[in-house]
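This report describes selected features of one protein model. Please keep the sequence and the structure in view while reading.

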Amino acid sequence: MLNRSTIEEFILLGQKYYYDIIIVAVFSLGVTLLFSKAWKRVAISWRGQIPGRLGLPFLGETISFLSATNSTKGCYDFVRLRRLRHGKWFKTRIFGKIHVFVPSTEGARMIFSNDFALFNKGYVKSMADAVGKKSLLCVPHGNHKKIRRLLSDHFSMNSLSTFVHKFDKMLCQSLIKLHQRNKSFPVLDFSMKMTFDAMCNMLMSITDDSLLEKIEKDCTAVSDAMLSFPVMIPGTRYYKGIKARERLMETFRGMIERRRRGNETHEDFLQSMLDRDSYPPDEKLDDLEIMDNLLTLIIAGQTTTAAAMMWSVKFLDDNREAQDRLREEQLSIARNKQSGASLTLEDINKMSYGSKVVKETLRMANVLLWFPRVALNDCKIQGFEIKRGWHVNIDATCIHYDPDLYPDPMQFNPSRFDDPQMPYSFIPFGSGSRTCLGMNMARITMLVFLHRLTGRYKWTVDDPDTSLEKKTHIPRLRSGCPITLRSL
Ligand code: HEM
């Protein structure tokens with residue numbers, strides 16, 4: 001039996017170690033909770049089920065998704081928060097559809113290598129109405145193969161030598177003007193204009209400023225309509241996009257007719273398509289296929305490349321060592337050329353550090369955050385059960401920031417690309433049968449831009465704000481990354 005003094009001693013001891021006891025209790029509770037959560041996750045994944053919250057039948061987590069999209073943290077914040085809550089694999093429900101975010105190279109391999117067989121791009125009515133049913137983004141497998149084969153030739157590295165020359169000339173002139181103006185300008189506005197004009201020139205030889213302006217305005221309206229609610233009510237994004245598409249089709253049709261009548265000839269992408277008029281059906285595109293894919297190429301190529309150009313400026317500004325090293329390489333290439341000479345493909349091929357800067361920019365910027373597909377049948381990805389009709393999103397951002405694949409992933413370090421990458425660990429342009437058609441063009445555009453920017457100028461970023469533009473699925477700085485140019 002305990003006597004009175006033992007009890008008193010015990011109480012005294014309790015008072016003396018009061019705080020220690022509380023700390024130990026709170027710590028134990030925390031550890032228990034953590035373990036039970038982790039155990040729950042493991043138990044769920046052992047059963048092949050993907051953790052996550054589906055919420056109410058149609059609504060699910062749509063409101064949280066929309067609020068992330070409407071915030072300056074960007075829509076990927078929605079994914080980041082759920083990953084913290086549920087673990088790397090999670091599912092959610094947005095606009096009535098179940099989405100699984102696939103965070104691994106193995107998952108990416110499984111989906112990319114079964115494109116069209118087990119998975120397909122989800123059919124979105126507004127997208128098909130905006131870019132057209134014969135667009136590469138919407139056609140079924142057989143047609144996709146044919147259209148891709150006929151378009152691909154023009155985007156191979158060797159076919160882009162004229163593009164290098166033209167883009168370089170245009171870029172140099174614009175940079176000189178901006179430098180002479182000696183005023184701050186947003187890189188994003190500049191890169192949007194440059195990429196748009198260069199693409200229209202390469203595809204259809206359009207150089208007239210007022211026509212370029214008109215087409216760009218309509219392309220933006222079409223692009224905005226791609227993910228809108230498909231109701232034809234005046235004033236809505238969908239309505240404006242469909243009307244803009246009609247105007248664009250009229251312009252393209254007029255150009256095709258003038259060329260067929262022999263009133264105009266050019267050496268460009270459109271001409272090479274029309275030169276196939278007498279070929280068998282399998283070896284040529286019909287007029288609607290040509291027009292829908294002209295529009296698709298402009299829309300797929302402009303905003304993506306322009307955003308990547310803007311991020312390259314931002315990352316190089318934050319990492320002066322990489323900027324200096326890039327400048328050194330570009331100056332040594334420039335020194336071996338006659339003054340005023342245009343860049344060539346051979347010069348581009350010499351930009352070994354520049355290519356790593358481009359890769360590191362694309363890894364960190366994640367211009368396309370994830371690549372959506374729909375499961376055509378019930379299946380398993382890495383043991384996780386996927387039901388037919390579920391959306392599986394290859395989460396390129398998660399893969400590109402995985403510390404096991406990219407140590408110290410938040411650090412901009414182009415030299416990490418000295419080593420070869422694991423399969424499916426570097427996927428800014430996707431992979432498999434839907435790999436980006438314009439990836440060579442995008443790389444060249446960025447390299448020419450970086451050559452002229454670092455080889456002739458220094459710059460200061462005039463707004464340090466890192467918040468992102470709202471309501472967009474392509475991450476871009478809200479400020480547009482304003483800079484002022486100074487001569488070297
Ligand atoms: C930095 C710039 C670019 C990035 C990051 C990018 C990224 C991508 C990605 C990830 C895909 C595949 C999406 C998926 O699998 O769902 C894709 C497809 C595509 N891209 Fe790009 N792209 C860029 C520039 C361009 C340019 C310049 C063009 C055109 C000239 C272009 C045209 C296309 C087309 C037509 C497709 C669809 C291919 C198909 O479905 O077969 N892209 N792009």
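In what order do the six strands of the open sheet lie? The model is predicted, and in it the order of the strands is E1-E2-E3-E9-E6-E4. The pairing within this open sheet is mixed.

## The open sheet and its helix

Two strands form the edges of the sheet: strand E1, residues 52–53, and strand E4, residues 119–120. Each of these edge strands pairs on one side only. Strand E1 runs parallel to strand E2, which covers residues 90–94, and two bridges join them. Within this pairing, Arg53 has Thr92 of E2 as its bridge partner.

Helix H4, residues 76–86, packs on the sheet.

## The surroundings of the ligand

How many residues surround the ligand? The shell consists of 22 residues, and the closest are Gly301, Thr304, Gly430, Cys436 and Gly438. Two elements give two or more residues to this shell, namely helix H13 (287–318) and helix H18 (439–456). Helix H13 supplies the largest share, with seven residues.

When its neighbours within four places in sequence are left aside, Leu294 is in contact with Leu203, Met204, Phe252 and Leu270.

## Strand E11 and its partners

Strand E11, residues 482–487, pairs with strand E5, residues 185–186, in the antiparallel sense. Two bridges make up this pairing. In one of the residue pairs, Pro186 has Pro482 of E11 as its bridge partner.

Strand E11 is also joined to strand E10, residues 457–461, and these two strands run antiparallel as well. Here the number of bridges is five. Trp459 has Leu485 of E11 as its bridge partner.

Definitions and conventions:
Residues are numbered from 1 along each chain as its sequence is written. This is a predicted model: local features need pLDDT of at least 70, side-chain atom pairs count only at pLDDT 80 or more; totals for chains, interfaces and linings use all residues. Two strands pair if DSSP finds at least two bridges between them. Helices (H or I, at least four residues) and strands (E, at least two) are DSSP runs, numbered from the N terminus. Two residues are in contact if their C-beta atoms, placed from the backbone, lie within 7 Å. Axes are lines fitted to C-alpha atoms, for helices over the stretch in contact, and angles run from 0 to 180 degrees between N-to-C directions. A residue is near a molecule or strand if its C-beta atom, placed from the backbone, lies within 6 Å of it.
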